[in-house]
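I opened the notebook to record what I looked up in this structure, one entry per topic. Each entry stays with what the coordinates give.

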Amino acid sequence: MIFLKRIEAFGFKSFAEPVVINYDFAMTGIVGPNGSGKSNITDAIMWALGEQSSKSLRGDSMEDIVFSGSSDRSSLNMAEVTLVFDNSSRAFKTLDYNEVSITRKYFLIDKESQYFINNSRVRLKDVQEIALETGLTKSSLAIISQGSISNFVESSPEQRRRLFDEAAGVAVYKKRKEDALRKLVKTQDNLDRINDIINEIERKLPSLKRQSIKAKKYQEKFEELKQIEISVLVKDIKVYKQRIEEIESQRIDLKNLINSLEKSVNNKADQEKIFRENAYSNDNELNVLTSKFQKVVEEIGKLKVSKVNLESKKTITNANDKEFKANDLKTKSKQLDIRFRAEEQKLAKLINEKIVKEGQLETYNKEKQENNKNIEQIRKKLFKIENDLETLINKKNSFDGLFEGVKNILENKKVLSGIIGSVKELISVEDKYEVAISSIMQNSIQSIVAKTTNDVKQAIDFLKNNKAGFATFLPLDTLTASYLSSDIRFAVQNLEGFVGFGNELVKIEKKYQIILDYLLANFIVVKDYESAIRTAKIIKYKFNIVTLDGQRILPHGAIIGGSRKSKHSSFNENIKIEKLEQEKLELEKVEKEKQEKINSLNFKIDHLREEISEIKSSSGTSRQVISQIENEQESVEEEYRIITGKELNKEENTYKTVDEQIIKISEEVAVKEIEKEEIQQQLSVIRNLKEKAFEKQTLINESLDEERKLLNAHKENYSKVNTDLTLLKQKQMSAVERLSENYNLTFESAFDMDISDFNNENETRDRINWLRSSIKELGNVNIESIEEYDKENQRYQEYVEQSSDVQDSIKNLKEAITDMDEQMILQFKSIVKEANGALPTTFSTLFGGGTAQIVYTDPEDILNTGIDIKIAPPGKKISNLNLLSGGEKSLVALSVLFSILKVKPIPLVILDEVEAPLDIANVERFAKYIKTFTQKTQFMIVTHRIGTMENCDVLFGATMQQKGVTKLVQIKLIEAKKLSNAN
Ligand code: ATP
């Protein structure tokens, strides 16, 4: 049989030239002198089949297998050997090819070997496995050197069994068992590690589970609470909002009512006071007038008494005297005349007085009208101011006109930490700079000032979570100012028309100055367009310039211009409110003064009217008196005519002393009477005034009482409304805060949510309270424990599963090992038994008689037992193998070898000078005996022995024609003999 068809070697040991050995016969002999490279062929075969031990290859290290150079040839840096096998009988069971080539390459540069099967790169393991399959290993029968033959007998029974292991194919199992045992150890280690982990997880899992269950309970409750509480809070806030609006409008109505009532009460109280004061002065005047009146009455009485006395004197003496009567009539007429003139004078005075008083009345009325008109104007102004104030205050409080994000941040300032306010709220700008500043600040007045970047982050998260818009933030901790360089500042400051730098023209609390420095320090404010152009040229159009009327020159020369509204309502709201309130106070003061003036005019007018009416009635009386006097005068004149027959001449002075005295007294009485009437008239004016004033005062007092009561009631109501409002606002605020703190929601975003309806409000509220308290009862909750527990539990399950898998594989491995053991025992026993069957024949063939037997040293432990050979050479009684001669030892070994080969043929056997110790007759027997095996086995025999050479089918001679370089050629027997003789 031919199994190994070809060897190709190059660079391996002494094969400095490429060598090809073709095997065309079953028994090939290799001959040549010592050191010519014969054994290198065996080494090449072993090496190509994956030999790893450099000692087995007769070297110190693997590098030694590469041609190291000779005296006239330099070294090589790689070795390569290819073995080509005939696999038509599928000796390589796993390779379904008729021809199989195995190649090994070795490179000095990286000291690495490469393996190829049929030119495909494979692993060492793959080569070793197929070598094992065919029994082509160093410990098998395949490669037998002289050393190993003599060793067979001399080695221990345990070493000896290796040959049988190989033959039995147990070596494969042994290797697999070793692998399985290694795997078992590794798997057991793995199991221990897994169990350690399982123990560790088991220790912490229960507590984690408890925490996780608690956290889940918390989450469930929190979710339920969130669901229903948000809807309840939204409902509450809506109700609060509506109620606040209603109450707010009630409050405004009440406030207006109270204001007007207060005004009215004050006014009436003022009037009442004036009435009281006037009543007092009236009383004084009345007293003065009354005593004057009494005095005049007394004087008149006295005059009248003296007049009566005089008249009675006259009457007694001249009662019947005609002349006396005429004279008396004359005196009477004179007295009437006196009275007449006095009365006429009085009437004239009254008429005059009336004209004067009416003139005064008209003046006062006009003045009153004027004041009323003024008051009306003031009230109109006040109405406007109050409206403006309300609009401003509402605007200030409602964040109207702000960006959505800014509005949301400011509205929720209380629940966001570190938010100070908008820039707009923090600054104030003088009127004259408003237009300029507003043109440069624009949207930046809506930037929000915050304490730190961390606060800003929270605020931004809040906006994001609530989808509540955008805002620009200015964190005080990181804001840095950008100033113009000092040269530029100096240059600009000295230019005509320079007003200031933006940051210096706006006012802000000192601690926030950085905001202005950041926003405005780079802006140059100038008086007008011409100044702007001049400045721009000097600074080469590099920086922002703005004029007082808002025209701008941007860096690089762009100009923004046109007309801006003179007032920018975004600034100084507080100042404006203050200003309006001041104006309101002043106007109210003027209104009060005017009202007081009207009140006092009313009194004067009343007084005048009373006087005029009194004058009118006095005039009437006076006219009556005058006509009465005229009548009396006429009848006196008539009587005088009758008595004297003459006309009475009033100018004719014929009065006697008595008459003259009476006339004089009459004149005096007339004067006094007029004086008395005047006093009477004044008295009557004052009494009437007093009476009317009293009536009015009573009326005022009554209505004052009523109004005061009403005012108090309204005030009480107002304070109640205020308390209600504060309470509602607090409730609303705390509901909004709860939304924001607990659920990170603004009212608007909560309102937009799909909130659940609730049927029974009371039940829902009870549920909320219950949920809240049971959440509180849960105490500290570790939310992360849920995920942690799930993770750990999952890990636990995985490890438990792994552990069971690993235990299964340990079980499988153990089973496999037991199976292998059983198989090994079976195969081992069978090969020993079979070889034992063949041994007596091979032994007696090689020894020319005698017999031998293979025995176990420990039949109880077949797996580990050693092998002993019991022999009975022909004619000798030797039981100890060591006592045999070298040749005999070789023959024993060879007979065991051949017995095994007989029962377990292998496709290739290399014998390296194994017959060297035999004598010629035994060599002959040996060579002939080999021949009987060539049907099933190919032999490659390295030999020096003629007997062997003669029996080989073909001979190759190894020579070193070139020093150190092996050359192999097919030779004839005669040449072979020559080569061997040369040895
Ligand atoms: P013997 O009949 O004495 O057993 P042999 O023919 O079997 O001899 P080998 O042992 O095969 O001879 O060859 C040994 C030769 O190979 C020696 O001459 C040795 O110098 C040469 N040799 C071994 N390794 C190398 C190497 N790496 N480079 C060059 N030559 C080597």
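I began with His-556, which I found in the loop between β17 (552-553) and β18 (559-560); helices (H or I, at least four residues) and strands (E, at least two) are DSSP runs, numbered from the N terminus. Its phi is near 75 degrees, a positive value in a residue other than glycine. His-556 is exposed, with a relative accessible area of 77%, where buried means under 20% relative accessible area, exposed over 50% and partly exposed in between (1.4 Å probe, protein chains only).

Before going further I noted that this is a predicted model, in which local features need pLDDT of at least 70 and side-chain atom pairs count only at pLDDT 80 or more, while totals for chains, interfaces and linings use all residues. Residues are numbered from 1 along each chain as its sequence is written, and side-chain values use heavy atoms, with hydrogens and water left out.

**Other positive phi values.** I then turned to Asn-119, which is not a glycine and yet has a positive phi of about 65 degrees. Asn-119 sits in the loop between β6 (112-117) and β7 (120-122), and it is exposed, with a relative accessible area of 65%. I also checked what follows helix α2, and found Gly-135, with a positive phi near 80 degrees. The buried residues of α2 (residues 124-134) are Asp-126, Val-127, Ile-130, Ala-131, Leu-132 and Thr-134.

**Aromatic pairs.** My search of the whole structure gave 15 aromatic pairs; rings of Phe, Tyr and Trp (its six-membered ring) pair if their centres lie within 6.5 Å, and planes under 30 degrees apart count as stacked, over 60 as edge-to-face and the rest as tilted.

Phe-898 belongs to helix α20 (residues 886-903), and Phe-933 to the loop between α21 (920-931) and β22 (938-942). Phe-898 and Phe-933 are both buried, and together with Phe-926 and Tyr-929 they form one aromatic cluster.

**Ligand.** Which residues come nearest to the ligand? I listed Asn-34, Gly-35, Lys-38, Ser-39 and Arg-58, out of 18 residues around the ligand, where a residue is near if one of its heavy atoms lies within 4 Å. The shell divides into 4 nonpolar, 9 polar and 5 charged residues, with Ala, Val, Leu, Ile, Met, Phe, Trp, Tyr, Cys and Pro counted as nonpolar, Asp, Glu, Lys and Arg as charged, and the others, Gly among them, as polar. Helix α1 (residues 38-48) contributes the largest share of the shell, 3 residues.

For individual atoms, I found an oxygen atom of the ligand 2.7 Å from a polar backbone atom of Gly-35, and a polar side-chain atom of His-944 lies 3.1 Å from an oxygen atom of the ligand.

Last, I looked up Tyr-640, in helix α15 (residues 573-644), which is buried, with a relative accessible area of 6%. Tyr-640 and Phe-15 are 625 residues apart in sequence and 205 Å apart in space, C-alpha to C-alpha.

Definitions and conventions: A polar contact is a pair of N or O atoms within 3.5 Å; within protein, one must be able to donate a hydrogen and the other to accept it, and residues adjacent in sequence count only if both atoms are side-chain atoms.
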